[in-house]
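The report below takes up selected residues, contacts and chain features in turn. The sequence and structure come before the discussion.

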Amino acid sequence: MVPLSYYLVLSGFLFACGVTGFLIKRNIITIFMSIELMLNGVNLSFVAFAAHWHSLAGQVFVFFVMVVAAAEAAVGLAIIIAVYRTRETLNVDQVNLLKL
Amino acid sequence: MSVHLILFLAFGAVAVAGGVNLLAQTHPINSALSLIAVMAALAGEYLLLGAEFVAAVQVIVYAGAIMVLFVFTIMLLNTGEEERTKGSHIAILFGIPGMLVASLLVAWVMLRHSGTGAVAAGALPGDPRTIGQLLFHEFLLPFEITSVLILIAIMGAVVLASKPPTAPARKVD
């Protein structure tokens, strides 16, 4: 038996890692991976709560989160490729204008 | 100390190490590999919670498909080490202590106020049959909306990543 709070602490730590990576990283792709890390942390708390409350709805939500993550990764990486094609850099400090 | 707790701590240690390593590495490919380690460890945690199907989908979709997309993009764009600027040093100066404080606060609140609820190993069997029945009856409308979302994402990715038709073709050096 593992207390529910242990799972929530692990989930919260992964989410905090994701937020920090989102803030301190300067490479667009790494920033994107930090978002995936945040989504993974949330998924863990969904599954833990599903087991705790004996409701499978939490596990179904995980699938929807995964679908949103997949869609976001596909569109986001396409945007990154488009940005790289016009600016030839992936550093967000140099991508500070919406226009070319 | 039960086997369940030992396994939880082992997978949790891998996940935490991967998350910290993602922040510590400067090359995106190393960050991507540590993120894959986090996802594999989380699949182990899902198995401990009894969510077998979620664990399988985590490995197949997340670690298999999404991360391959990431690694493919990193290879395609041939990214190098990330450059640190003055702003990123300030962000590190405030971001790392902020993360530690937030994590400790969350851990303190959870461990102190969450009561004695415990989760047994395999408490809720999430086999594909049960998940599928739930997905196609109770969550049918969100499921169908999801398919539209995926379709839009596919079209958006194709439109965004394809070359603009008016731009002249760049010469290969």
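## Helix 3 of chain A and the segment after it

A:Ile80 is a residue of helix 3 of chain A, in a model that is predicted. With a relative accessible area of 2%, A:Ile80 is buried, because burial is assigned under 20%. Between A:Ile80 and A:Asn96 there are 16 residues of separation in sequence, while their C-alpha atoms lie 14 Å apart in space.

A:Glu88 is placed in the segment after helix 3 of chain A, and its phi is near 60 degrees, a positive value in a residue other than glycine. A:Glu88 has a relative accessible area of 53% and is therefore exposed, the cut-off for that class being over 50%.

A:His54 belongs to the loop between helix 2 and helix 3 of chain A, and its relative accessible area of 55% makes it exposed.

## The salt bridge

Over all chains, the count of salt bridges comes to one. The partners are A:Arg26 and A:Asp93, whose closest N and O atoms are 3.2 Å apart. This pair links distant parts of the chain, 67 residues apart, with A:Arg26 in the loop between helix 1 and helix 2 (28-53) of chain A and A:Asp93 in the segment after helix 3 of chain A.

The two partners can also be described by their accessibility. A:Arg26 counts as buried at 12% relative accessibility, whereas A:Asp93, with a relative accessible area of 30%, is partly exposed.

## Aromatic pairs

A pair of aromatic rings is described by the distance of the centres and the angle of the planes. The count of aromatic pairs over all chains is eight. For A:Phe63 and B:Phe53, the ring centres are 5.4 Å apart and the planes stand at 50 degrees, so this pair is tilted. The pair crosses between chains, joining A:Phe63 in helix 3 (residues 57-87) of chain A to B:Phe53 in helix 3 (residues 52-77) of chain B.

A:Phe63 has 10% relative accessibility and so counts as buried, while B:Phe53, at 28% relative accessibility, counts as partly exposed. Ring pairs also link A:Phe46, A:Phe61, A:Phe64 and B:Phe139 into a cluster, with members from chain A and chain B.

## A nonpolar surface patch on chain A

On the surface, a nonpolar patch is formed by A:Phe15, A:Val19, A:Phe22 and A:Leu23, which together have about 330 Å² of accessible area. One of these residues, A:Phe22, lies in helix 1 (residues 4-24) of chain A. At 39% relative accessibility, A:Phe22 counts as partly exposed, because its value falls between the limits of 20% for buried and 50% for exposed.

## Layout of chain B

The secondary structure of chain B consists of six helices and one strand, and along the sequence these elements follow the pattern α-α-α-α-β-α-α. Of the 173 residues in chain B, 35% are buried. The domain assignment for chain B gives domain 1 (1-80) and domain 2 (127-161), and the C-alpha centres of domain 1 of chain B and domain 2 of chain B are 23 Å apart.

Helix 2 of chain B covers residues 28-48, which is 21 residues, and its span from first C-alpha to last reaches 30 Å, close to the 30 Å expected at 1.5 Å a residue. This helix 2 of chain B is mostly covered, with 15 of its 21 residues buried. Just after helix 2 of chain B, B:Gly50 adopts a positive phi of about 90 degrees.

B:Phe143 is located in helix 6 (residues 140-161) of chain B, and its relative accessible area of 28% makes it partly exposed. How far apart in sequence and in space are B:Phe143 and B:His27? B:Phe143 and B:His27 are separated by 116 residues in sequence, and by 37 Å in space from C-alpha to C-alpha.

Note on methods. Residues numbered from 1 in each chain as written. Chains lettered and ligands numbered in written order. Predicted model: local features only at pLDDT ≥ 70, side-chain atom pairs only at ≥ 80, totals over all residues. Heavy atoms only, no water. Patch = residues over 30% accessible without salt bridge, like charges linked within 9 Å, V, L, I, M, F, W, Y side chains within 5 Å. Areas by Shrake-Rupley, 256 points an atom, 1.4 Å probe, with all protein chains shown as cover. Salt bridge = Lys/Arg side-chain N within 4 Å of Asp/Glu carboxyl O. Helix = DSSP H or I, 4+ residues; strand = E, 2+ residues; numbered from the N terminus. Buried < 20%, exposed > 50% of the residue type's maximum accessible area, 1.4 Å probe, protein only. Phe/Tyr/Trp six-rings, centres within 6.5 Å; stacked < 30°, edge-to-face > 60°. Domains from an automatic or database assignment. Expected span 1.5 Å × (residues − 1).
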